[in-house]
Amino acid sequence: MTHEILIIGGGLVGVAAAVALKKQGRDVALIEIRPPQTDPDFLNQDWDARIYAISPANRALLQSLDAWPSESRIQGVSRMDVRGDNGGQIEFSAAETNTPFLTYIAENRWLLAALWQQIRALDIPVIQEAAVALQTDIQTASLTLQNGETLNARLIIGADGANSWVRKQSGIQVNETPYGQHGVVANFHTEKDHNGTAFQWFEDGEILACLPLPDHKISMVWSTFTPEKLTSLSPEALAAEVTRKSKNVLGNLQPLSPAFAFNLILRRPESTSAQRIILMGDAAHTIHPLAGQGVNLGFGDVAAFADLSRDAADIGAYQLLRQYTLSRLAPVRTMQTGCDGLFRLFNEKKLPALPLIRNTGLNLVNAAPWMKNRLIRHAMGL
Ligand SMILES: Cc1cc2nc3c(=O)[nH]c(=O)nc-3n(C[C@H](O)[C@H](O)[C@H](O)COP(=O)(O)OP(=O)(O)OC[C@H]3O[C@@H](n4cnc5c(N)ncnc54)[C@H](O)[C@@H]3O)c2cc1C
C-alpha cells in the first residue's frame, strides 16, 4: 500500500499534523497502536488532570482544523501571577496585550477527541498495528508492520512521543538531561473564585502552578523533586498541602481527581529530519513544563511544516525537510533555553545573594512594561 505521508503516533501532535495535511489535499495515513477513547460518556465523566495551556496562536490553528473543544470545557486565562521565593512577583494581564485572554486551559482528553473526530470526518485511514522496521532511500520510505504488511510513502512523520521509535530507527541521537523532578498533576475545587488567574510559585527549586478551569476548579502542576511524598498522600491530605503551599489564595481546596506524576526531562535531538523522515512534538523536543509550552511547540511544528510544504510537489524532498528543521531550530531552542535557565536560576543554592537578585529581577521586569510585553507576546505565539 502506498500513501503520500505516513504519520506514526496519534497523540495531539500527530493527529493535528494528519488533519492539517489532509485538509491541504495530501494523501495521509495515521499509525496509532492505541487510539484514544472519545465517546461522550467517557469525556463527560470527570475533568482530565492532564491539561495544557494552549496559546492564542495554537487555538487559532486548532480552530482552523475544526478541532477546538466545546467552550464549556475551556477556561481563558486573563491574568498570570508569578511569585518568587524572596518577595519577587510578576503579573501579566490580557488587558496589557489587547487580547481577550493570555492563554486557554484545555484538557488532553477533549483536545484529542476533537482532533480524532476530524480524522474520522476526513476519512483518514488509521492503521492500528505496530511498525517493526523502517527503511528509506532517496525516493521513498517504507515501513514494515507487525502483521508483515509493507507501507510505502514519500514522507514519514515521527510524532510518536518522547521515546520515539522513529527517531531511533533514523539513527538520530538525542541529548537527554533529566531535571530530577516529576510533574505531579491533580484537579481541585476552589473555595474562592479564581477570576481566570493562573498562579505560579517558585520555592526551594520546586514550582507549583495552579491553572484555572471553569466553575471554581483548578488544575495543579507541581514540579517536585519528591513526587512520592505527594502521590502517597490521600486526596484530602494532598488538597490540604496544596492549599498551604498556594498560601490560601484560592481558599480551601477540595480534591476532584487522583494525582499522578510524569518524569521531566529536557530532550534535544541532534536533528529533526533524516532522509524522507521528520520528527514533530515530543519526538522532536521535550521541555520543562514551567512555562506550559510543551505541546505548543509541537503544534508549532505542525503549523510550520504545513506552511512550508503547502505547494511542494515532493512532500519528502531533502530541501523541504532541511527547511523545516532550520525553521524550528530558533523557536524550539529559545523556549528550551529560556525554561531551562529559569529552572536553574531558581534551583541554584550555592550563591547566597542569588535569591535577592532573582526576586529583584522579577520585580524589575514587572516594572518594565515593554519587557513584559515582549515576554508575554513571545509565549502567546504572537
Ligand atoms: C503522563 C503525562 C502527563 C503529562 N501531563 C502534562 C501536563 O499536565 N501539562 C503539559 O503541558 N504537558 C504534559 N505532558 C506532556 C505532554 O503530554 C506532551 O508534550 C504532549 O502530549 C506531546 O504530544 P505528542 O503528540 O508529541 O506525543 P504523545 O502525546 O506522547 O503521543 C505519542 C503517540 O504515539 C503513539 N505511539 C508511540 N509509539 C508508537 C509506535 N511505535 N507506533 C504507533 N504509535 C506509537 C502513542 O500511543 C501516542 O498516542 C504530559 C506527558 C505525560 C507522558
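**Ligand shell and cysteines**

In this predicted model, the shell around the ligand has 11 nonpolar, 5 polar and 5 charged residues.

Q: Which residues come nearest to the ligand?
A: There are 21 residues around the ligand. Of these, the ones that come nearest are Glu32, Arg50, Ile51, Tyr52 and Asp282.

Q: How many Å separate a polar side-chain atom of arginine 50 from an oxygen atom of the ligand?
A: A polar contact needs a pair of N or O atoms within 3.5 Å. The pair formed by a polar side-chain atom of arginine 50 and an oxygen atom of the ligand lies at 2.7 Å.

Q: How much of the ligand's exposed area does the protein bury?
A: Taken alone, the ligand exposes 1000 Å². The share of that area buried by the protein is 79%.

Q: How many disulfides does a search of the whole structure find?
A: A disulfide requires two cysteine sulfur atoms within 2.5 Å. For cysteine 210, the nearest cysteine sulfur belongs to cysteine 339 and is 18 Å away. The number of disulfides found is 0.

Q: Is cysteine 339 buried or exposed?
A: Buried means under 20% relative accessible area. Cysteine 339 has a relative accessible area of 3%, so this residue is buried.

Terms used
Residues are numbered from 1 along each chain as its sequence is written. This is a predicted model: local features need pLDDT of at least 70, side-chain atom pairs count only at pLDDT 80 or more; totals for chains, interfaces and linings use all residues. Side-chain values use heavy atoms; hydrogens and water are left out. A residue is near a molecule or strand if one of its heavy atoms lies within 4 Å of it. A polar contact is a pair of N or O atoms within 3.5 Å; within protein, one must be able to donate a hydrogen and the other to accept it, and residues adjacent in sequence count only if both atoms are side-chain atoms. Accessible areas come from the Shrake-Rupley method with a 1.4 Å probe; for residues, only the protein chains shown count as cover. Ala, Val, Leu, Ile, Met, Phe, Trp, Tyr, Cys and Pro count as nonpolar, Asp, Glu, Lys and Arg as charged, and the others, Gly among them, as polar. Buried means under 20% relative accessible area, exposed over 50%, partly exposed in between (1.4 Å probe, protein chains only).
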